Protein chains: 2
Amino acid sequence: MARGNNVYKEAYNRCLGLLGAAGSLASEPELGATLGVSRTTVRLILARMAETGLISWNKRDKTMLRAPCADDYFPTEETDSLSQVIERSFMRRLLAGGAEPGMQINELELAREIGVGTTGVREFLIRFSRFGLIEKRRNSHWVLKGFTRSFALELAEIREMFELRSAAAFAALPQDDPAWAELDRLEAEHHALGRAFATRFGEFSELDERFHRLVHGASLNRFIVDFYDVIAMVFHYHYQWNKAGERLRNEVALQEHLAYIAALKSRDPAKVYAACRRHLKSARDTLLASVPESDISAEPAAKHAESMRQIKLPAGDPV
Amino acid sequence: MARGNNVYKEAYNRCLGLLGAAGSLASEPELGATLGVSRTTVRLILARMAETGLISWNKRDKTMLRAPCADDYFPTEETDSLSQVIERSFMRRLLAGGAEPGMQINELELAREIGVGTTGVREFLIRFSRFGLIEKRRNSHWVLKGFTRSFALELAEIREMFELRSAAAFAALPQDDPAWAELDRLEAEHHALGRAFATRFGEFSELDERFHRLVHGASLNRFIVDFYDVIAMVFHYHYQWNKAGERLRNEVALQEHLAYIAALKSRDPAKVYAACRRHLKSARDTLLASVPESDISAEPAAKHAESMRQIKLPAGDPV
DNA sequence: GAATTGTTCTTTTCCGATAAAAGACAGTAT
DNA sequence: ATACTGTCTTTTATCGGAAAAGAACAATTC
């Protein structure tokens with residue numbers, strides 16, 4: 001009948017890392033800031049560390065008595081927040097099969113199977129609904145729209161609109177904008193990853209997200225920035241269940257990113273546009289290739305969205 | 001400790017209207033369909049109507065005994081759903097003054113002042129967050145971002161992108177698409193409203209929303225369609241508190257709509273583009289004019305968003 | 001006297017319970 | 001045979017309460 005203490009447990013685990021690395025711990029407010037929790041939680045952590053004999057704690061003095069070992073850590077199942085637990089569980093069902101579009105979602109059943117209260121599930125579904133994969137019937141159940149080809153196409157359409165615009169805005173950023181320094185840093189990381197690609201190619205997706213978020217940030221538009229959450233969600237879960245051809249896919253994307261970065265640095269709108277489009281096109285094709293081919297007639301939207309991309313908008317300044 | 005019975009009360013009131021108009025009532029399933037509620041609720045309504053002597057109810061026979069009077073209706077406060085109550089209350093505070101950007105939102109306080117449970121407020125805030133006016137701090141409070149100039153600009157930017165694309169898609173719709181018939185109907189309604197504008201100009205906003213939703217629907221993209229919810233919310237609440245110049249504003253918009261509709265019917269992409277842009281530009285200007293001029297330096301995004309619109313994207317097919 | 005600690009109060013997060021509303025199914029009327 | 005009604009089951013919407021986490025303030029320490 002109360003919230004779980006995962007915040008404490010998760011912060012405790014991270015704090016063990018800090019202790020192991022430094023041999024002692026900073027002041028309570030400072031620890032709170034680095035761990036991203038309140039001082040109340042910090043003091044709970046310190047209390048337990050003192051209790052288990054990891055440190056001696058007397059006011060300002062927190063010195064390590066022994067190095068933390070594997071047993072000191074809380075198991076990972078206990079450090080996840082409720083929403084993470086629900087999200088993962090839900091996405092597994094969604095992607096790991098048997099989730100037909102049109103199927104209805106039962107809050108109570110979902111809550112019982114995951115082992116949480118209904119409120120948590122409800123709130124998750126409301127938050128999740130903005131991804132466009134589920135829909136609520138008034139005073140009734142939720143309906144699964146499914147991870148379909150048409151979803152992928154609609155997503156790609158918006159992404160392309162937003163990212164082309166963001167990339168153009170990025171190229172127009174003043175010389176002294178901190179984004180340029182961050183771009184240099186990311187470029188270096190791309191090169192570093194490329195050199196050790198054989199062993200580290202799995203790290204690419206994290207770099208990918210950081211790069212695209214940086215670009216989107218240049219739009220200075222909250223709707224564009226927020227929309228990247230949808231893309232990130234899709235990539236995160238979708239590719240987690242679909243590791244086929246991961247290495248090649250990432251290798252291609254990495255090269256495209258480097259060309260894209262070079263184009264941004266040139267500040268030439270035409271070059272930026274071309275490099276961005278090239279990358280977006282391959283991202284879309286890759287995503288579509290991994291969505292199982294479905295009966296198109298059952299998805300009128302997909303057909304239309306595909307034809308949509310052929311429509312030529314009259315040239316002109318954006319409004 | 002349970003849900004309110006507003007669904008029943010609201011449906012009951014609408015059913016009184018049906019009864020008054022027709023003199024008798026259809027079958028239970030049919031009534032459920034027209035009122036948009038389940039048969040369980042329909043039977044509750046019929047039971048009360050029989051009890052209060054409005055009808056005699058015996059199986060299939062439901063005949064009116066007396067015409068419904070004002071006293072038969074439930075008061076409007078009791079027919080609103082919890083989320084409507086919370087939304088209105090929240091928007092009133094947001095727009096009716098004293099809501100500074102950066103201010104923090106207290107769930108418990110809000111719940112107490114509105115007289116509802118915390119769960120309802122929480123769920124409302126989560127749902128409302130997609131409008132980009134509030135933001136959540138992890139494990140902590142919500143922060144009000146405010147109905148600022150920069151919000152209006154960011155909103156307008158996306159709206160323009162989406163609507164230009166939707167309008168182009170609309171013009172490319174096949175001749176036999178039902179949207180064309182609906183467009184004809186809306187055009188006729190525009191003309192009818194225009195003829196009686198002096199007395200009925202307040203009805204324009206409802207027509208406005210239906211027209212724009214029809215256009216957006218042609219995109220066949222759920223993200224574009226859903227985004228219109230944001231615009232509709234803004235217009236609904238903002239203009240509800242800002243009636244200054246309403247008649248002129250609506251008159252201009254009505255004429256622009258007629259030109260826009262004519263352009264769509266011409267199916268000429270260049271004409272569609274021009275008419276759509278003209279209308280969007282005046283909609284943006286009108287909205288901006290009604291947002292109080294604020295300290296631009298405190299809102300870096302606003303400045304940038306305004307310069308953004310000057311950037312000329314290289315012409316080319318959409319990806 | 002500025003930062004840190006000790007203490008207390010507030011707010012968020014979450015669960016279980018319950019009435020309203022939806023939905024299912026069998027029986028009955030046309 | 002089809003559509004409607006009567007009855008029963010399932011599911012959703014909402015509240016109150018309790019523990020965890022945050023935040024504020026007073027008392028120390030360097």
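Me: Into how many nonpolar, polar and charged residues does the surface near DNA strand D divide?

Reply: This is a predicted model, and what follows should be read with that in mind. A surface of this kind may be read by sorting its residues by class. Near DNA strand D the residues divide into eleven nonpolar, 23 polar and eleven charged.

Me: What are the closest residues to DNA strand C?

Reply: DNA strand C is surrounded by 43 residues, and A:Gly117, B:Ala2, B:Val7, B:Tyr8 and B:Ser38 are the closest. Two or more residues come from each of helix H2 (28-35), helix H4 (82-95) and helix H6 (118-128) of chain A, and from each of helix H1 (6-22), helix H3 (39-51), helix H5 (107-114) and helix H6 (118-128) of chain B. By class, this surface has eleven nonpolar, 23 polar and nine charged residues.

Me: How many residues has the largest nonpolar core?

Reply: A core is read through its members and their contacts. The largest one has 68 residues, and among those with the most contacts inside it are A:Leu264, A:Val272, B:Leu264 and B:Val272. A second, separate core has 14 residues, including A:Tyr8, A:Cys15, A:Leu16 and A:Val42.

Me: Which residues does A:Leu264 touch, leaving aside those up to four places away in sequence?

Reply: A:Leu264 touches A:Ala167, A:Phe170, A:Ala171, A:Leu183 and A:Val272.

Me: Which residues of H10(B) are buried?

Reply: A helix may be read first by its length and then by its faces. Helix H10 of chain B (residues 204-217) has 14 residues and reaches 20 Å from its first C-alpha to its last, close to the 20 Å expected. Its buried residues are B:Phe204, B:Phe211, B:His212, B:Val215 and B:His216. Seen down the axis of H10(B), the buried residues fall within an arc of 130°, so they line one face of the helix.

Me: What covers the buried residues of H10(B)?

Reply: The cover includes helix H7 (149-171), helix H8 (178-195), helix H11 (222-240) and helix H12 (246-266), which belong to chain B.

How values were computed: Residues numbered from 1 in each chain as written. Chains lettered and ligands numbered in written order. Predicted model: local features only at pLDDT ≥ 70, side-chain atom pairs only at ≥ 80, totals over all residues. Near = placed C-beta within 6 Å. Helix = DSSP H or I, 4+ residues; strand = E, 2+ residues; numbered from the N terminus. Nonpolar A, V, L, I, M, F, W, Y, C, P; charged D, E, K, R; others polar. Core = buried A, V, L, I, M, F, W, Y, C linked by C-beta atoms within 7 Å. Buried ≥ 20, exposed ≤ 12 C-beta atoms within 10 Å, placed from the backbone. Contact = placed C-beta atoms within 7 Å. Expected span 1.5 Å × (residues − 1). Arc of directions from axis to C-beta.
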